[in-house]
Amino acid sequence: MHLTDITMFWGPASGGVRRYILAKRAYCASHSGLQHSLLVPGATATNTMDGVLSTYTRPALELIGGKGYRFPLRLQPWIDTLKEIRPDVIEAGDPYRLAWAAVRAARELDVPVIGFFHSDLSRMTALRFGSWTREPVRRYIHHLYGHYDWVFAPSQIMAERLRELGLPKVTVQPLGVDTVIFTPERRSMLVRRELGIPAEARVLVYAGRNAIEKNLSTLFETVRRLGAPYHLLLIGPDMPRVADIPMTIVDYVADTEVLAGLLASSDALVHAGDQETFGLVIAEGMAAGLAVIGINSSAVPELVDDSVGALAEPGSIDSFVAAVESVFARDHVALGRAARARVVRHFGWTARFGQMFGKLTQLQRQGVIEERPLELLR
């Protein structure tokens, strides 16, 4: 099978979608009979071949303030490139311009096209521009994703939301984690010393984007209220610095092994975002042996419960502070061990991609994907 991923979610500071695609390419390279090509925006047109892996960039306009992301103006060059690549299956990884290029090229090639619902667009736009946007964006999602032969949702709750919009061809395809790279064995006090973090600190780590839906202000106020010995470690581009709390900022980390070492060298992962479609960094933190303090909203409860951390109520800083305190009042190291065991058992990339390519083969041969109940995370 030759699979092509096309997405606008690709830039110098890309996060979860980029790691997902890179992991998929590594899987294809190590399994016979698979070929992968990637088509993404860039400054210029380039074609790169490396065995069964190929990468194509096509020129696109750099977004002002878009942290390196680019927006294609004309669709035809993208459609033409997909027709030149001639994949067996096309996967669209964003709900914007390139999604329509994927649909049109797939129809001309007569191959299946799937959409991966990485981002809940209706909730994101409502958060940024107001609730009045929710209904028209829902209609847009129904219109766009109705053109796909199938839709992958990374969590049960996202699949349910898509079905509520009248999209029946939806299957749950959770993301995964490289449990060899993300491991507690990378824990190092040297990492903390190099960052200037006191040895006695309780390090709460957040890795991701500085975006409104991530609710970083909740993390700042939580550390402010908790006081010593809590210390906040932020990993990501353009993070705000707050003067009156102990905190350390590490800019965007492209090297997953470095990221894994930073996570493993912390004491717990904190994530105040309440719009997660899966929560890849949460799963990576769990694989690194960290207990997780998250929000009881969106897909997070599908990963986290009180056996691996704690969940706070949305919009309540008091609840988030209490959740952090509850983790450290128990044995946070034991919770981290349980978190790793859960991820190893359910979210290794090899198992996840094995399931995915099985579903794609079904779609190719039969035109449908047979949905099977997911194993409970216990």
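Just after helix α4 (121-129), G130 takes a positive phi of about 115°. Helices here are DSSP runs of H or I with at least four residues, strands are E runs of at least two, and both are numbered from the N terminus. This is a predicted model, where local features need pLDDT of at least 70, side-chain atom pairs count only at pLDDT 80 or more, and totals for chains, interfaces and linings use all residues. Residues are numbered from 1 along each chain as its sequence is written, and side-chain values use heavy atoms, with hydrogens and water left out.

Back in α4 itself, L121, S122, M124, T125 and A126 are buried; buried means under 20% relative accessible area, exposed over 50%, and partly exposed in between, using a 1.4 Å probe and protein chains only. The buried residues of α4 pack against α5 (134-145), with contact meaning heavy atoms within 4.5 Å.

## The largest pocket

α4 also turns up in the largest pocket, where it gives five residues, the largest share of the lining. The volume of this pocket is about 1,400 Å³. On a 1 Å grid over the protein atoms alone, a pocket is an open set of points where a 1.4 Å probe fits, with protein on both sides within 12 Å along at least five of seven lines, and lining residues have an atom within 4 Å of a point. Points are joined across faces, edges and corners, and the volume is the space filled by probe spheres set on them.

There are 49 lining residues, and F9, Y69, M124, R209 and E213 are the closest to the centre. Elements giving two or more residues are α1, β6 (70-71), α4, β11 (202-207) and α10. By type, the lining splits into 25 nonpolar, 15 polar and nine charged. Here Ala, Val, Leu, Ile, Met, Phe, Trp, Tyr, Cys and Pro count as nonpolar, Asp, Glu, Lys and Arg as charged, and the others, Gly among them, as polar.

## The eight-stranded sheet

Now for the sheet: eight strands form an open one, in the order β3-β4-β2-β1-β7-β8-β9-β10, with mixed pairing. Two strands pair if DSSP finds at least two bridges between them. β3 (46-50) and β10 (170-172) are the edge strands, each with a single partner, so one side of each has no neighbour in the sheet.

Strand β1 (2-6) is mostly covered, with five of its five residues buried. H2, T4 and I6 point one way, while L3 and D5 point the other. β1 runs parallel to β2 (35-42) through five bridges, and parallel to β7 (89-92) through four. H2 sits opposite Q35 in β2, and D5 opposite E91 in β7.

Helices α10 (280-287) and α12 (332-346) pack at about 115°, with axes 7 Å apart. Axes are lines fitted to C-alpha atoms, for helices over the stretch in contact, and angles run from 0 to 180 degrees between N-to-C directions. A283, M286 and A287 of α10 meet G336, A339, R340, R342 and V343 of α12.

V304 lies in the loop between β15 (291-295) and β16 (309-312). It counts as buried because its relative accessibility is 1%. V304 touches I282, M286, V292, A310, L311 and R342, leaving aside residues up to four places away in sequence. V304 and A339 are 35 residues apart in sequence but 8.2 Å apart in space, C-alpha to C-alpha.
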